[in-house]
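Thanks for coming, everyone. I'll walk through a few contacts and cores.

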Amino acid sequence: MKLYSIESGNFKLDGGAMFGVVPKAIWNKTNPADSNNQIDLGARLLLIEDGNRLLLLDTGMGNKQSDKFFGYYSLWGEHTLEKSLAKHGFHPDDITDVFLTHLHFDHVGGAVNWNTERSGYVNAFKNAHYWSNQEHWNWAINPNPREKASFLPENILPIQESGALQFIAREQTDFMANSELGFSIFFADGHTDKQMIPILDYKGRKLAFTADLLPTAGHIPLPYVMGYDTRPLLTLSEKEKFLKMAADENWLLFLEHDAHNEIITVQHTEKGVRLNETHKVADILI
């Protein structure tokens, strides 16, 4: 198995929204805000090459939305999904599987493109199966008012209409083995219903793709929960369980949204689980 970090772009969000009830005087130390109170964020994806399978975890925002839409998110940097794939010698047509941790626009936007010639939406990865789960899919296509702006039909429905959509069955446990894709999944319902956190066996260690369960290294303390989460108290308990396992077994945590910290480990301290070490992708994924 080979792993590749795919930088699909950078954006910004309001720091207060990202840290919920935590005061700015505290979170600003780890995630400093700009003059608009926004903090740097990334859309760092993970590409898994395993035999004949080339599997992409999440797809970033994509580029099909309007300038007005992207204006809300203060895009910055030069990264794109296509350029990052090409850097490693790959093309979107090479992808065999796209695993979507959940269907918020910053995770699924790059899954579908607008095709000018056809005047319609097409899958960005035309040869890939797209993986979600039935419960989260139903949640997304029948959105509650709180999340409706994050579940954009043009990011989601074309996948199903194309016939490429596949569902992963959830067992009645938080942590399950998934032989179909070759990694385990931690299900988390606090941020959104049935978010899936992939956990891989990599060179004798566990590597977890943390998605929105742990957006940045600054979110490690348990009460540091995003204002975007639909069930913040549930996030707190899920994060406690997840971080305990990560500290007990010295997991590598691959941070999707942290623009500056790529991979981290955590450790037990008198104050609870806290940051242990930070690693560059190039030092781990070799």
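**Rings, cores and charges**

Across the whole structure, a search turns up 14 aromatic pairs. A pair here means rings of Phe, Tyr or Trp (its six-membered ring) with centres within 6.5 Å; planes under 30 degrees apart are stacked, over 60 edge-to-face, and the rest tilted. One of them is Y73 with F105, a tilted pair, 5.1 Å centre to centre with 50° between the planes. Y73 sits in the loop between α3 (67–71) and α4, and F105 in helix α5 (residues 105–108), so the pair ties together parts 32 residues apart in sequence. Helices are DSSP runs of H or I, at least four residues, and strands are runs of E, at least two, numbered from the N terminus. Both Y73 and F105 are buried. Buried means under 20% relative accessible area, exposed over 50%, partly exposed in between, with a 1.4 Å probe and protein chains only. Ring pairs also link F69, F70, Y72, Y73 and F105 into a cluster.

A word on the source. This is a predicted model, where local features need pLDDT of at least 70 and side-chain atom pairs count only at pLDDT 80 or more, while totals for chains, interfaces and linings use all residues. Residues are numbered from 1 along each chain as its sequence is written, and side-chain values use heavy atoms, with hydrogens and water left out.

Now the cores. Which residues touch the most other members of the largest nonpolar core? They are L47, I95, F125, Y130 and I159, out of 27 residues. The elements giving two or more residues to this core are β1 (2–14), β2 (38–50), β3 (53–57), α4 (81–87), α6 (134–141) and α7 (153–162). By core I mean buried Ala, Val, Leu, Ile, Met, Phe, Trp, Tyr and Cys residues joined through side-chain atoms within 4.5 Å. Apart from that core lies another, of 23 residues, with L181, M196, L252 and L285 among them. In soluble globular proteins, nonpolar side chains tend to be buried together.

Take α7. Its buried residues are N155, I156, P158 and I159. They pack against α5, β5 (112–115), β6 (120–123), β7 (129–132), α6 and β8 (165–167). Contact here means heavy atoms within 4.5 Å. After α7 comes G163, with a positive phi near 85°.

On to charges. The whole structure has ten salt bridges by our search, each a side-chain nitrogen of Lys or Arg within 4 Å of a carboxyl oxygen of Asp or Glu. R53 bridges to D97, with the closest N and O atoms 2.9 Å apart. That pair links distant parts of the chain: R53 is in strand β3 and D97 in strand β4 (residues 97–99), 44 residues apart. R53 is partly exposed at 25% relative accessible area. D97 is buried at 2%.

Next, K194. Its side chain meets D189 in a salt bridge at 3.8 Å, N to O. K194 also bridges to D193, at 3.1 Å between the closest N and O atoms. D193 and K194 are both buried. Salt bridges with shared partners join D189, D193, K194 and R231 into one network.

Last stop, Q195. Q195 lies in strand β11 (residues 195–202). Buried or exposed? Q195 is buried, at a relative accessible area of 0%. A polar atom of the Q195 side chain lies 2.9 Å from the backbone nitrogen of D212. Leaving aside residues up to four places away in sequence, Q195 touches several others, including T101, H102, F186 and L213.

Methods
Polar contact = N/O pair within 3.5 Å; in protein donor to acceptor, adjacent residues only side chain to side chain.
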